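Notebook open, model on screen.

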Amino acid sequence: MTVRTNGSTGTAITQGFVDLATSLTAVTRIPLPATALATVTVDTTAAKTLTVGAQWGTSSASNTLTCHQFLVESLGY
């Protein structure tokens, strides 16, 4: 996530990817967000919890999400 402006109506963008195993030997890389980068409003004036999540189109007990790397870099603060 890159915070572009600060304040109670600050703005941020995110980007990343998911490596989705499609078989025992193949992986499909999916960009996140799946569409073009979108700016969202975020309140930077209060402490917030940062989480990683996913939403599937169909509910299934086999839907799981494992995060192997989550990198946070603070620049200038």
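I looked up T5 first: its bridge partner is T11, in β2. Strands here are DSSP runs of E of at least two residues, numbered from the N terminus. Two of them pair if DSSP finds at least two bridges between them. β1 and β2 clear that with 3 bridges, in the antiparallel sense. They form a hairpin with 4 residues between them, and G7 in that turn has a positive phi of about 120 degrees.

A note on what I am working from: this is a predicted model, so local features need pLDDT of at least 70 and side-chain atom pairs count only at pLDDT 80 or more, while totals for chains, interfaces and linings use all residues. Residues are numbered from 1 along each chain as its sequence is written, and side-chain values use heavy atoms, with hydrogens and water left out.

Confidence next. pLDDT is the predictor's confidence in each residue, from 0 to 100. I get a chain mean of 81, with 92% of the residues at 70 or more. Confidence is highest in β2, at 88, and lowest in β3, at a mean of 80.

**The open sheet**

What does β2 pair with besides β1? I followed residues 10-13 and found 3 bridges to β5, again antiparallel. G10 sits opposite V42 of β5. That gives an open sheet of 3 strands in the order β1-β2-β5, with antiparallel pairing. β1 (2-5) and β5 (40-42) are the edge strands with a single partner each, so one side of each has no neighbour in the sheet. From one strand to the next the twist averages 45 degrees; for such angles, axes are lines fitted to C-alpha atoms (for helices over the stretch in contact), and the angle between N-to-C directions runs from 0 to 180 degrees.

I also checked R4, which lies in β1. R4 has a relative accessible area of 54%, so I log R4 as exposed. The cut-offs are under 20% for buried, over 50% for exposed and partly exposed in between, with a 1.4 Å probe and protein chains only. R4 and V40 are 36 residues apart in sequence, with their C-alpha atoms 9.9 Å apart in space.

**The β3-β4 hairpin**

Then the other pair of strands. β3 (residues 16-21) and β4 (residues 27-32) run antiparallel and are joined by 6 bridges. I find V18 opposite I30 of β4. The two strands make a hairpin with 5 residues between them.

How many salt bridges does the structure hold? I count 1, taking a salt bridge as a side-chain nitrogen of Lys or Arg within 4 Å of a carboxyl oxygen of Asp or Glu. The pair is R29 and D19, with the closest N and O atoms 2.9 Å apart. R29 is in β4 and D19 in β3, so the pair ties together parts that are 10 residues apart in sequence. R29 is exposed at a relative accessible area of 54%, whereas D19 is partly exposed at 44%.

T28 is another β4 residue I looked at. At 36% relative accessibility, T28 counts as partly exposed. From T28 to V72 is 44 residues along the chain, and their C-alpha atoms are separated by 25 Å.

**The nonpolar patch**

M1, V3, L50, F70 and V72 make a nonpolar patch of about 500 Å². For the record, patches are made of residues with over 30% relative accessible area and no salt bridge; nonpolar side chains (Val, Leu, Ile, Met, Phe, Trp, Tyr) are joined within 5 Å, and like charges within 9 Å. Areas come from the Shrake-Rupley method with a 1.4 Å probe, and for residues only the protein chains shown count as cover.

Where is F70? I find F70 in the segment after β5, and L50 is also placed in the segment after β5. F70 is at 45% relative accessibility, so I put F70 down as partly exposed. L50 counts as partly exposed too, at 48%. I also took the distance from L50 to H68: they are 18 residues apart in sequence and 16 Å apart in space, C-alpha to C-alpha.
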